[in-house]
Protein chains: 2
Amino acid sequence: MSKVSRRALVIGGLGAAGAVGAGAALLTGEEPAVSFSDAVAFHGTHQAGIVTPAQDRLHFVAFDVVTKDRDRLIQLLKDWTVAATRMTAGKDAGEVGAVAGLPEAPPDDTGEAIGLPASALTLTIGFGPTLFRTADGRDRFGLAGRQPGALAPLPKFTGDTLDAALSDGDIGIQACANDPQVAVHAIRNLARIGMGVVSVRWSQLGFGRTSSTSTGQATPRNLFGFKDGTRNLKAEQDELLREHLWVQPGDGPAWMDGGSYLVTRKIRMLVETWDRSPLVEQEAIVGRHKGSGAPIGLAGEFDEPDLTSVGDDDEPIMPKIAHVRLAHPATNNGARMLRRGYNFVDGSDGLGRLNAGLFFISYQRDPAKAFIPVQRSLAAQDEMNEYIRHVSSGLFACPPGIRDAGDFWGSGLFSGA
Amino acid sequence: MSKVSRRALVIGGLGAAGAVGAGAALLTGEEPAVSFSDAVAFHGTHQAGIVTPAQDRLHFVAFDVVTKDRDRLIQLLKDWTVAATRMTAGKDAGEVGAVAGLPEAPPDDTGEAIGLPASALTLTIGFGPTLFRTADGRDRFGLAGRQPGALAPLPKFTGDTLDAALSDGDIGIQACANDPQVAVHAIRNLARIGMGVVSVRWSQLGFGRTSSTSTGQATPRNLFGFKDGTRNLKAEQDELLREHLWVQPGDGPAWMDGGSYLVTRKIRMLVETWDRSPLVEQEAIVGRHKGSGAPIGLAGEFDEPDLTSVGDDDEPIMPKIAHVRLAHPATNNGARMLRRGYNFVDGSDGLGRLNAGLFFISYQRDPAKAFIPVQRSLAAQDEMNEYIRHVSSGLFACPPGIRDAGDFWGSGLFSGA
C-alpha cells in the first residue's frame, strides 16, 4: 500500500511559483496579478473566480440534485466546501495518505493532480432556479420563499436553439485554473463526493479565456479570430463593480448580498462559414479591426467606439448592425456585465465541421438589467447571428464568499429557511 | 482595413522563450528539452511530433478525402505543407497582412493565434488504409499498389465498442502544442485550406499528456490517477527506436522508410466506477502503486517489474491479471511502442457521468508486432476492461520527415505512382 499525498509533492511547485508566473506572463506580455501556479485564496467577501484574473482553462459542471433529503444536500455542501478549500490550496480533495490503514476503502482523492501545483484553481458555486422550485412550482427543499426575483428563468430569445439536456441545472460549479488537469480533477472529485446526492447534468471544458477580468491582462482572442472583452468590467473598477457586478443590500434576499448572478451560454460558432467571409465583412460585423482590435475607424484597441460619426456616404462609420454597437452600454440603458468566457472545441459535428465556439460566461448584479436586454438586442439584430447558434443556457445565483473555515457553500441560503 | 500578421507579434514571445521554458519546467520539475513556447523544427529525417518531447495539449483530426481528383489531393498536400511549415514556426497559416489590398477576400489565417508564440507546435500526418483502397476494394487514387502490408486494417478486438463515425479516416493529422489555442488554430486552418478536398471526419482534443517521450520528462498521470508511460520508448534510446519505432529499409514500400505507423484508440474510462473501487484493488489492476508509480512490491517508479517472484501465499507478487504484466514486452514477444496519448473530458454522457478517458496514441514500426499483440493480450485478460471502453480506433501510415522546402507531405507516396 502506498501513501498518496498531493500536499507533500506540491511544496516544490509552490516555491517555484514566482518564476513560473513570470514565465507565463511573458507569453502574453502581461503582468501577472496571480501567478501561473500559485494558489488563489478561497475565503473572502466575494467568491473567487469572478474578478480573479481569468485563468486559461475552464471546466464547468451543472448538477441535478437527485436526493429529496434537504439534510443530505446541506451535508454535501459542507463536504464540498472542505474539499474545495483543500483543492484550491493545491492539496488533494481528501487525506488519501490517511487511508493507508484502510486498503479496502476507495481513495479520498482520484490522484490525477498529484504533483501538480494549485495552478490558480478557483471553484465558484451557484444555485439554479430549479433548486428553489420545479417547473411545475413544487418547493423541493423549502427554499421557494428564498428565490431572488433576479433568478427568474431566462426568457426565450429570438433564434435560440437550446438543447434542454445541456441547459440549466440545480447547481452550477465553475472551475478555472491554468492547468486543465487541475480543473478537471476538481470537478471530478466534487462529482465523486456528491455521488447519490447530485448527478452530472452537463459539463463543458474551455480554453484560451476570451475575456480579461483585470487591467493587467492582455485581451485574448475568440475563435472568430477577434480580440474579445476589450471593454469588459475589470477587477480594479471598484465603483463599476458595485454598480454592475455585486448584489447590494436591498436588491433582494439578504443571502445574496455580495453575490452575483451567473449566466452561461454555449455558443456554437460556424467557423467554416465565417472563414469564407471577407475580412472587411468580418470587421463590419464585429465592429472592430481584426489585427489591432481597434473600433472601426480608430487606431487603438481601447479607443472608445465612435457610434455617432458618419462617413462620406452619410452612413455611420460604425455599422448600424455591428456587434460592438448592439452590445454597447449606450445602446442598452447602461447595461454592463463581467464576462469570463472560454473557447471550446468539442470534436466534430458529424457534418464535416468542427464543433467549436464560445462558452459565454457573464456575472452581473441583475440579469434583467444586463444580460437579458443586451441579448434581446443582439438576438434581434446582430449580423453575427448568421454565424452562431446558442445551444445551451444556464442561470445561477452565486452567493457571497465563504468568510471562514466554519462557513460553507450556501450557508446563508439554508440558514433559518 | 487592418493589417494582420502573426509573425511581427510573435518575435517578442520567441525572444522570451528561454525564460518561459524554464518556468514551465518548474511546474513538473523536469528539464525542458523543448521549451514551452519555442518552435520545433518542421523539417528533418523523421516527422516531428513523434519523439518530440510530448507537449501538453493535443488536437487530432481525421479527414475524409471528398474529391476524386488525384491532382487536387496532391495540391492540397503541397498547400498544407506550406501552411504547416509556417504555423510550426509561430507564423500565421498564410500572409494575411498581404491581402490588405484585397478586402473582399477571406483572410488567409483565421486569427485566433495572433500574438501567441509557436508553443512547440508539431503537425504530424498519416495516411489511412481507406486512402489506398475502399472497403470494397476500389483503388481511389492509383495508390492501391503502394499500400504497405503493415497498414492492413486493425482486427476487431474482444470487447470493442467502436463508433464507426468516430473511427478511421483517409488522413490523420496530430497537432501537439503547449497551448491548446495554437493546436486548435493549426487544425482549423488545415481544415479551412482543405475545404472541398477533405472534410472533417472526427476530431479530438486532449490535455495532460499521459506519456513521456523523453528521459528529461517527468511521468504524468492518466485519469485513473496513475502514472502512465513509465516504461515508454524514449527519444534518447536510438537503438530501441530503430528496432521498434522507425520503419527500416526492406520493411515494405520505400516511401515509408523512416516513417512510423500510428494507432489511435479513444478509450472511455468509467471514472465513477473506478473511483468507488478500493485503492488496493486499483493498484492490483494496474500493477503499480498509485503514489510512487513503483511496480507492486517495489519502491521506485523505474524499478523493473518483477513478474516471477511469488509471495507467502504462493501467488505472484505482481498479480496475474495486472495491466503491467499483460502489456509487458516479456509477455508479448518483446513488443514495444512509443506512446504519446492524452487525457480527455468531452463533457458528460447524459447518464450523470463525465465523458472522460484516454485518447491513446502509439507509434511503431509494425502494428502487427506491437499494438496488435499487446491489445489482443489486454482485450482478452485485462481486469481494467471492467472500467474502460474502446470507442474509436484509427490506423495511419506516417511517412518520413520533409527534407527541405521543396518537399511536401506525401511526396514519396505520390511520386511515380
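Biologist: Where in chain A is A:Asp314 found?

Modeller: A:Asp314 is found in the loop between α8 (279-286) and α9 (323-327) of chain A, where helices (H or I, at least four residues) and strands (E, at least two) are DSSP runs, numbered from the N terminus. This is a predicted model, in which local features need pLDDT of at least 70 and side-chain atom pairs count only at pLDDT 80 or more, while totals for chains, interfaces and linings use all residues. Residues are numbered from 1 along each chain as its sequence is written, chains are lettered from A and ligands numbered from 1 in the order in which they are written, and side-chain values use heavy atoms, with hydrogens and water left out.

Biologist: Why is A:Asp314 called exposed?

Modeller: Buried means under 20% relative accessible area, exposed over 50%, and partly exposed in between (1.4 Å probe, protein chains only). The relative accessible area of A:Asp314 is 62%, and therefore this residue is called exposed.

Biologist: What is the phi of A:Asp314, and what of B:Asn333?

Modeller: Phi of A:Asp314 is near 65°, a positive value in a residue other than glycine, and phi of B:Asn333 is near 60°, likewise positive in a residue that is not glycine. Most residues other than glycine have a negative phi. B:Asn333 has its place in the loop between α9 (323-327) and β6 (338-339) of chain B, and because its relative accessible area is 81%, B:Asn333 is exposed.

Biologist: What makes B:His46 partly exposed?

Modeller: B:His46 has a relative accessible area of 28%, and therefore counts as partly exposed. This histidine is found in the loop between α2 (17-28) and β1 (57-65) of chain B. Leaving aside residues up to four places away in sequence, B:His46 touches B:Trp246, B:Gly258, B:Pro400 and B:Gly401, contact meaning heavy atoms within 4.5 Å. The backbone oxygen of B:Gly258 lies 2.8 Å from a polar atom of the B:His46 side chain.

Biologist: How many residues does the contact take from chain A and from chain B?

Modeller: The contact takes 67 residues from chain A and 67 residues from chain B. The two chains bury about 5600 Å² between them, 66% of it on carbon and sulfur atoms, buried area being the accessible area (1.4 Å probe) that two parts lose on being put together, summed over both.

Biologist: Why are A:Asp275 and B:Arg188 said to meet in a salt bridge?

Modeller: A salt bridge is a side-chain nitrogen of Lys or Arg within 4 Å of a carboxyl oxygen of Asp or Glu. The side chains of A:Asp275 and B:Arg188 meet at 2.8 Å, N to O, and the count between chain A and chain B is two salt bridges. On the side of chain A that touches chain B, the largest share, seven residues, comes from β4(A).

Conventions:
Polar contact = N/O pair within 3.5 Å; in protein donor to acceptor, adjacent residues only side chain to side chain.
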